[in-house]
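Colleague: I have the sequence and the model open. Can we go through the strands, the helix packing and the chain contact in turn?

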Amino acid sequence: MSAVVAEHDDHHDHGPEKGLLRWIITTNHKDIGTLYLVFSLAMFFLGGAMALVIRAELFEPGLQFVEPQFFNSMTTMHALIMVFGAVMPAFVGLANWMIPLMIGAPDMALPRMNNMSFWLLVAGALLLASTLFMEGGAPASGWTLYPPLVLQTGAALPFAIFSVHLLGISSIMGAINIIATIFNMRAPGMTLMKMPLFVWTWLITAFLLIAVMPVFAGAVTMLLTDRFFDTSFFNAAGGGDPVLYQHIFWFFGHPEVYVMILPTFGVASTIIPVFARKPLFGYSSMVYATASIAFLSFIVWAHHMFTVGMPIAGELYFMYATMLIAIPTGVKVFNWTATMWKGSMTFETPMLFSIAFVVLFTLGGFTGLMMSVAPSDFQYHDTYFIVAHFHYTLVPASVFILMAAAYFWLPKWTGNMYDEKLGQLHFWLSAISVNVLFFPQHFLGLAGMPRRIPDYAVQFADWNMVSSIGAFVFGFSQLLFLYIVIKTIRGGTGEKVTDEVWEDASKHSLEWTLPSPLPYHTFTTPPKEIPTEHF
Amino acid sequence: MKKTKQLFASLFLMSLGLGTAKAEYTLNLRQGVTQISQEVYDLHMLILWICVFIGLAVFGTMFYSIYHHRKSKGHVASQFHESTKVEIIWTIIPTLILIGMAIPATKTMLDMDDVQDADMSIKVTGWQWKWEYEYLDNGIHFFSSLDEASNRARQLGSGIDPRSVPHYLLDVDHPLVVPVNTKIRFLFTAADVQHSWWVPDLGWKKDTIPGFINEAWTYVEKAGTYRGQCAELCGKDHGFMPIVVIAMEQDNYDAWVESQKAGAEAEKQLADKEWTADELMAKGETVYANNCASCHMADGAGMEGAFPALTGSSVVTGDIDAQIDLIYNGKGMMPAFGQMLSETEFAAVVTYTRNALGNSVGDSVQPAAIKSLKSSAPADEDEDEDDEE
């Protein structure tokens, strides 16, 4: 049917533009998805290089390589680039590629805006990176940009703030596009409760983004006027309130960290059933759990600020509310476990990364639960314990799932199979080294090492050395990933993959009903049937 | 591998519980030296064990499944899914566990919050990058910064092995001294940016925030020296503003109070005497190293784009009163040193900067002149704007 329509369609844009121009002016969701993914991978290596500067300096006590101010710039830029340049855009890239395919739509609802949101991201990220070369150095106040410290930034401050604005606009545009696509372009018969979970988690994520990015933009704009226009929003001497900034920041910041984890849940819920050869255990409870987590993310922000001196009622409220997050998160972990139970599992690279995600994300969840207890948090706060916690929820969780997604869908996108042996090598190198890197940081934090310090007392030396060794192994292992991806794009193992790629995958989601490699345009007519495996 | 990791993890967690950790490879939270820190430690262990228990159950199930329910063993997938009963069970049980956690946590939280009936109060002010302590009951007042040995060793490329420095980065020139068995209330604020005052053995940290006064309390039962650090990023030397608390028996503490008072009196006397230029220069060198060198650098070269050079600076080599005014009242990122330094230290460091670091103006200022400045004109923030660089 679709072939018939195409023959009668005499538009000139059947295929992509030739040459470089294709990538600049493209409005095709697959091209833009690729742009996002390639860009985020580049940023992942840039942010990773900064992490290695940090870990090199912390390899031994004493200052060996960099001045403390530059060290602080590295921690700040590493975080900003990883959050806004690597992890978030990578998930937007996946959304671009997969949402239209999963809901049976020909493209995103707003293709031109899609292009614009990508190029604004590039502009914002380049502007941010350029602050490294400015007088006074890049921002060095931590990615939270707390005043009054951030107001001591040199020439970089307005540029960093403007780059946050650009990145925010880009994210909001992406979110609007995703919501518009999901609400308007689903295949007939695909009700909301029949959407794949990746689509569901992104729908919820997009609402989080729209709700909180403007809040962050507002906060940094107030920093801008405090610095340049003599306002005193956050200046106590002028009647302002430095703690107000922290409340605003974390009202943004807590949903923001869930922006990086909710789509992760969606991908894990997509991959695990395929390799367990079973339906997801509880589809609707997964949807409700995701929505609950998203709702809770708006009412727990001050658990990042237990030590600022809130009234006791505030401390207790934020402690209780934070503890509640454990319940829907537990539901998710139990669901993945129940999905594996009595399955017929195979352990290809995407499944390995997904299982590692479930285990290591749960470890990060445990430390999160420990920190929800406000009196204990008075000890954990601002130490390496929290550094270990959020890296567990970001690296072996979000980043591992991004790797899983790449291995899972690359054969579909390119029509070529990746090298399974190399993929498994990449997995084991990453899974072992990431634990060598981050697990000892729990001990360092508990033993009393504050975060964001370029040098430390000698009793912290041993675990720091172990952690740094893990960091270098992990960092260089990712070059193997780059190699595998390039090799796959260029033909992979030479084995041509089937349309399904993975056994019975077409029972799980629509993209596997399409040819491999995917044609430039897909679902120009909607699919007649949608998979019902999970319902 | 997963199993091995699991085994390793549970083994190490057990070693935590048994407290067999060696000194160098410290693994667990400190129990500390107060009742509160002990309560916090107990809470920490309670929740750690809950997590270990849940972890063993969940991961145990998962790895059993990974081992047995695999295609290579010929296991056929069963297609069960959706069970409201199971979903309800795994929602209710965690809820009950959370309630079990929240009860002791609330109790400890309420204890920590109760600053009533303190026997003495100490005001702590965070500065970039040192601590100011003010004993509100007896007027003792001093600044506490990183000790000189650590400060020398921590410079980039110093060539000094940190391991050769006792208590590297955890020692200060003036420790905070407190009596044991006394309820001490702390009041926290900051002069410039946010800091956080943390001594792990006391069981908590508290942020020091400009414009805010935060409260916390402690009751140390055991005499000893307890070390901590600033925990909130506060600029380039955030890692170099440690905290040392010495808890003493009441007798020793009283003697310390007397010696501090006598010392303050002697310092006042010093300000009245006539100082020679050499004396001022000698003292000024130390004052400079402790207060100025972290920004303006040991050789006065400053840091381009951030901190101006003092060598050849128009302020330092210009009118001495203008220089005194700028150091006294501060300007922009330059803190106001008027209340931070004693009259003698102030005069010495002004004299030093004008006649060292490559400058040779040749004049000097007497502590007595600073003293009269202090008594006549208290620091006035509003005048800062008029200062010319």
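Colleague: Through how many residues does a hairpin join S1(B) to S2(B)?

Modeller: First, this is a predicted model, where local features need pLDDT of at least 70, side-chain atom pairs count only at pLDDT 80 or more, and totals for chains, interfaces and linings use all residues. Residues are numbered from 1 along each chain as its sequence is written, with chains lettered from A and ligands numbered from 1 in the order in which they are written. S1 of chain B (residues 120–127) and S2 of chain B (residues 130–135) run antiparallel, joined by six bridges. The hairpin between S1(B) and S2(B) goes through two residues.

Colleague: Which residue in S2(B) does B:Gly126 stand opposite?

Modeller: Strands here are DSSP runs of E, at least two residues, and helices are runs of H or I, at least four, both numbered from the N terminus. Two strands pair if DSSP finds at least two bridges between them. In S2(B), B:Gly126 faces B:Trp131.

Colleague: In S5(B), what is the bridge partner of B:Thr125?

Modeller: S5 of chain B covers residues 184–190 and runs parallel to S1(B). Seven bridges join S1(B) and S5(B). The partner of B:Thr125 in S5(B) is B:Thr189.

Colleague: Are H13(A) and H15(A) roughly parallel or roughly antiparallel to each other?

Modeller: Axes are lines fitted to C-alpha atoms, for helices over the stretch in contact, and angles run from 0 to 180 degrees between N-to-C directions. The axes of H13 (residues 349–372) and H15 (residues 384–414) of chain A come within 8 Å and cross at roughly 160°. Angles under 35 degrees count as roughly parallel, over 145 as roughly antiparallel, 65 to 115 as roughly perpendicular and the rest as oblique. H13(A) and H15(A) are therefore roughly antiparallel.

Colleague: How many charged residues are in the contact of H13(A) with H15(A)?

Modeller: Ala, Val, Leu, Ile, Met, Phe, Trp, Tyr, Cys and Pro count as nonpolar, Asp, Glu, Lys and Arg as charged, and the others, Gly among them, as polar. The contact of H13(A) with H15(A) has 20 nonpolar and seven polar residues.

Colleague: Which element gives the largest share of the side of chain B that touches chain A?

Modeller: The contact takes 82 residues from chain B and 80 from chain A. Helix H2 (35–68), H3 and strand S7 (204–208) of chain B each give two or more residues to the chain B side. The largest share, 15 residues, comes from H3(B).

Colleague: Is B:Ala282 buried or partly exposed?

Modeller: B:Ala282 is in H6 of chain B (residues 277–291). A residue is buried if 20 or more other C-beta atoms, placed from the backbone, lie within 10 Å of its own, exposed if 12 or fewer, and partly exposed in between. B:Ala282 has 13 within 10 Å, so the residue is partly exposed.

Definitions and conventions. Contact = placed C-beta atoms within 7 Å.
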